[in-house]
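Subject: Structure handover

Hi,

Here is the structure I promised to pass on. Please open it alongside this email; my notes follow below.

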Amino acid sequence: METQNHESKIDVRIIVGGLDIAQLVSKAVNNIQLENDYNIIVSSIIPTVEISIVKKVAGGADILLIGGYGHDETYNILYNELKTDFNHIGLFDYNNIIIEDESIDFKLAEKEILNSIIKSTLSYSLNLINIHTLENKLMKVTHNYNNLLDDYNQVIKEQEVLARENKELREDIDDIKSDYSAFKLRYEDIYSREILEIFSLNDLWQDTFRQDLADEERIVIATNKFRPDNIIVGQGYIAAESKQKAIEWLNIVRTALIFVDDNEDDLKKELTPESEEKPPEVIDDYEIPNTFENFWD
């Protein structure tokens with residue numbers, strides 16, 4: 001009997017020891033109508049126990065029945081060679097079809113074939129249920145794996161984005177550090193410097209001397225010539241460490257200006273060429289610096 005593809009039917013193949021028993025089994029199979037009653041197809045009856053031949057013909061069967069006298073050596077050898085996770089192997093026991101005179105009873109053969117196939121089919125069905133259960137679990141595991149793989153790929157993409165952003169942030173941090181170092185180097189002595197306060201020159205003059213400032217330019221000139229520490233005058237303002245320091249300097253400048261204004265004629269006479277032969281008069285209390293000659297020039 002040729003091997004055929006019978007979709008949705010259980011494929012049974014029977015291995016026997018010779019052509020005579022193969023013919024008997026073939027007749028018995030035809031009589032019991034397995035396909036119509038049980039949705040079972042006996043697609044091959046294999047009249048040999050030669051392993052190389054049996055392997056070629058038995059491959060892909062759902063159920064294999066091995067003919068023999070119980071679980072003898074031949075059965076065990078074929079079982080070990082042919083058993084897979086996707087088939088079931090049963091015994092077609094010759095002991096159950098031989099009568100007292102050691103002849104084969106045809107009716108007993110039909111019954112033994114049917115019983116063997118039914119038992120094997122039940123075992124195969126249970127095995128198939130287990131296989132389907134495992135397949136369902138495998139499908140779920142595969143589905144979960146694919147979801148995890150998608151999540152992993154998404155994480156990898158996000159990691160690449162974060163890595164780029166991190167690199168850019170590090171570059172920004174390096175730039176900030178560089179700018180900070182330059183700023184720190186430039187202003188590292190800022191705390192050692194005296195911070196100057198700024199005051200309106202005219203307001204401070206009026207508050208101090210109760211008079212309007214008549215000649216701001218001469219105060220600027222005097223300050224620029226003498227260059228006192230931490231005193232700056234210009235643009236209508238005076239900058240100093242404190243208001244008191246600014247007042248002290250204005251007092252000095254005002255005193256010098258009054259002295260110069262009051263003694264302008266005497267100073268000019270003393271500084272003219274005719275007076276070069278006369279020794280200068282020594283004044284014990286103070287000295288007049290020559291710089292007052294062109295004080296406000």
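How many bridges join β1 to strand β3? Four, and the two strands run parallel. Before more detail, one caution: this is a predicted model.

**Overall**

The protein chain has nine helices and seven strands. It is 297 residues long, and 30% of those residues are buried. Take the contacts between residues at least 6 apart in sequence: 73% of them join residues at least 24 apart. The chain exposes about 21,100 Å². Carbon and sulfur atoms supply 50% of that area.

Start with β1, residues 10-15. Six of its six residues are buried, so the strand is largely enclosed by the rest of the structure. In a regular strand the side chains alternate between the two faces of the sheet. Here both faces are covered. Ile-10, Val-12 and Ile-14 are buried on one side. Asp-11, Arg-13 and Ile-15 are buried on the other.

β1 also pairs with β2, in the parallel sense, over six bridges.

Then look at Ser-43. This residue lies in β2, residues 40-46. Is Ser-43 buried or exposed? Buried: its relative accessible area is 1%, and the cut-off for buried is under 20%. The side chain of Ser-43 makes a polar contact of 2.4 Å with the side chain of Asp-11. Asp-11 is itself one of the buried residues of β1.

**The antiparallel sheet**

Now the individual pairs. β5 (residues 197-200) and β7 (residues 237-240) are joined by four bridges. Glu-197 stands opposite Ala-240. Phe-199 has Ile-238 as its bridge partner.

Gly-234 stands opposite Tyr-237.

**Helix α7**

α7 covers residues 216-226. At its start, a side-chain oxygen of Asp-215 reaches to within 3.3 Å of the backbone nitrogen of Glu-217. Which residues of α7 are buried? Arg-218, Ile-219, Val-220, Ile-221, Ala-222 and Thr-223. Their cover includes α6 (201-209), β6 (232-234) and α8 (243-262). After the helix comes Arg-227, with a positive phi near 45°.

How do α7 and α8 pack? Their axes are 10 Å apart, and the angle between them is about 105°. That makes α7 roughly perpendicular to α8. From α7, the contact uses Arg-218, Ile-219, Ala-222, Thr-223 and Phe-226. From α8, it uses Trp-249, Leu-250, Val-253, Leu-257 and Asp-261.

Last, Pro-228. This residue is in the loop between α7 and β6. Leaving aside residues up to four places away in sequence, Pro-228 touches Thr-223 and Trp-249. Pro-228 and Trp-249 are 21 residues apart in sequence, with 8.4 Å from C-alpha to C-alpha. Thr-223 and Trp-249 also take part in the α7-α8 contact.

**Where to look**

- Ser-43 and Asp-11, for the 2.4 Å polar contact between their side chains.
- Pro-228, for its contacts with Thr-223 and Trp-249.

Best wishes

Notes
Residues numbered from 1 in each chain as written. Predicted model: local features only at pLDDT ≥ 70, side-chain atom pairs only at ≥ 80, totals over all residues. Heavy atoms only, no water. Buried < 20%, exposed > 50% of the residue type's maximum accessible area, 1.4 Å probe, protein only. Contact = heavy atoms within 4.5 Å. Areas by Shrake-Rupley, 256 points an atom, 1.4 Å probe, with all protein chains shown as cover. Polar contact = N/O pair within 3.5 Å; in protein donor to acceptor, adjacent residues only side chain to side chain. Pairing = 2+ DSSP bridges. Axes fitted to C-alpha atoms, helices over the stretch in contact; angles between N-to-C directions. Parallel < 35°, antiparallel > 145°, perpendicular 65-115°, else oblique.
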